[in-house]
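Trainee: I would like to learn how to read the contacts in a model like this one. Where do we begin?

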Amino acid sequence: MKDLLRIKSLISTEIESLLNQQVKKEAYSSSVYLSMASWCNRNGYDFSSDYFFKQAEEERLHQLKFYKYILDMGGNSISPEITGIKQEYNSFREVFEEALDQEISVTNAIKNIYARCLKEQDFVTVEFLNWFLKEQREEEYKARRALELFEVIGEEGTGRWQIDKHVGEIKYNG
Amino acid sequence: MITTLTQTNQWTDVFKTSKGAIYQCDEERCWYVDFAGKVAKFDYRCLLKLRKSVYHINIEQALLNTTKDPDVEIIFICACDHCYVLTLVQIIALKELLEGTFVMLELNHILHDKLVIGQ
Ligand SMILES: [Fe+2]
Ligand SMILES: [Fe+2]
């Protein structure tokens, strides 16, 4: 009996569904960053606003990368429904705290898919995920750096203005 | 129906229960589902859609449902030629049939995998 499942698709149904969950997670990240960009803009943090606009766009690209990979492998990509995006933040600092939380949860999700791939010996998807692991290194670094500015500069006086200015300059040369 | 089955010797049994059977046809790269009095052809996409729609039915809830609606579900699969109108008992039987089938297909996949790696 031919292995028809394999002929039609390179990835298993389990991996396919995990990848679809990741599509949704990236889309969610993109929406969260967009909301953060709006909040920062409304509150006068222009550099941070730009920073989050850029992040939102990057997350959208991540989403598409997963989306197209699933299709290329013979799977079914599912366009996600995104709801429950927080629109208001209590403080400038809270925005960055939640940005880091979001990146950590994305890294964990990718690690989880990776583990499943190894278990199934799906080395093709492992190779695909390597790019994302490297990306997460940068994403977490930037989010952590931004949060550190609150410690280094301090929020008193013109502190927040200074922090905002420096957020625009965060770079990762890993 | 029985005549159709005897004509086609290139079908491989994938899984059988007392209520139905699923066969694979390598040549056509598809499956034949013998259930509820008909034999229906399913390609890969449609078989996955059938599984999804059957698994999605909340059997427990339907059993507890005391309204006077008839206990039938209509399984309509988008972009497939087939439609099933089934009673709850039949849905349970179809679910069992599909579960067994996918275990066998998965097993077949593992065997192919090991054979390739072993070469
Ligand atoms: Fe991302
Ligand atoms: Fe990210």
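Mentor: Begin with salt bridges, where a side-chain nitrogen of Lys or Arg lies within 4 Å of a carboxyl oxygen of Asp or Glu. By this rule the count over all chains is 13. This is a predicted model, in which local features need pLDDT of at least 70 and side-chain atom pairs count only at pLDDT 80 or more, while totals for chains, interfaces and linings use all residues. Side-chain values use heavy atoms, without hydrogens and water, residues are numbered from 1 along each chain as its sequence is written, and chains are lettered from A and ligands numbered from 1 in the order in which they are written.

Trainee: Which side chain meets A:Glu88 in a salt bridge?

Mentor: That of A:Arg42, at 3.0 Å from N to O. The pair links distant parts of the chain, 46 residues apart: A:Arg42 is in helix 2 of chain A, and A:Glu88 is in the loop between helix 3 (46-72) and helix 4. Helices here are DSSP runs (H or I, at least four residues), numbered from the N terminus.

Trainee: How do I read the packing of two helices?

Mentor: Two packed helices are described by the angle between their axes and the distance between the axes. The axes are lines fitted to C-alpha atoms over the stretch in contact, and angles run from 0 to 180 degrees between N-to-C directions. Helix 2 (residues 13-42) and helix 4 (residues 92-120) of chain A pack at about 170°, with axes 11 Å apart. Helix 2 of chain A is therefore roughly antiparallel to helix 4 of chain A, a label for angles over 145 degrees. The residues of this contact divide into 16 nonpolar, five polar and seven charged. Nonpolar means Ala, Val, Leu, Ile, Met, Phe, Trp, Tyr, Cys and Pro; charged means Asp, Glu, Lys and Arg; the others, Gly among them, are polar.

Trainee: At what angle do the axes of helix 3 and helix 5 of chain A cross?

Mentor: At roughly 170°, coming within 12 Å. For helix 3 and helix 5 of chain A, the contact has nine nonpolar, three polar and six charged residues.

Trainee: How many residues of chain A are in contact with chain B?

Mentor: Contact means heavy atoms within 4.5 Å, and 14 residues of chain A touch 18 of chain B. The two chains bury about 1600 Å² between them, 59% of it on carbon and sulfur atoms; buried area is the accessible area (1.4 Å probe) lost on being put together, summed over both parts. Between chain A and chain B the salt bridge count is zero.

Methods:
Helices (H or I, at least four residues) and strands (E, at least two) are DSSP runs, numbered from the N terminus. Angles under 35 degrees count as roughly parallel, over 145 as roughly antiparallel, 65 to 115 as roughly perpendicular and the rest as oblique.
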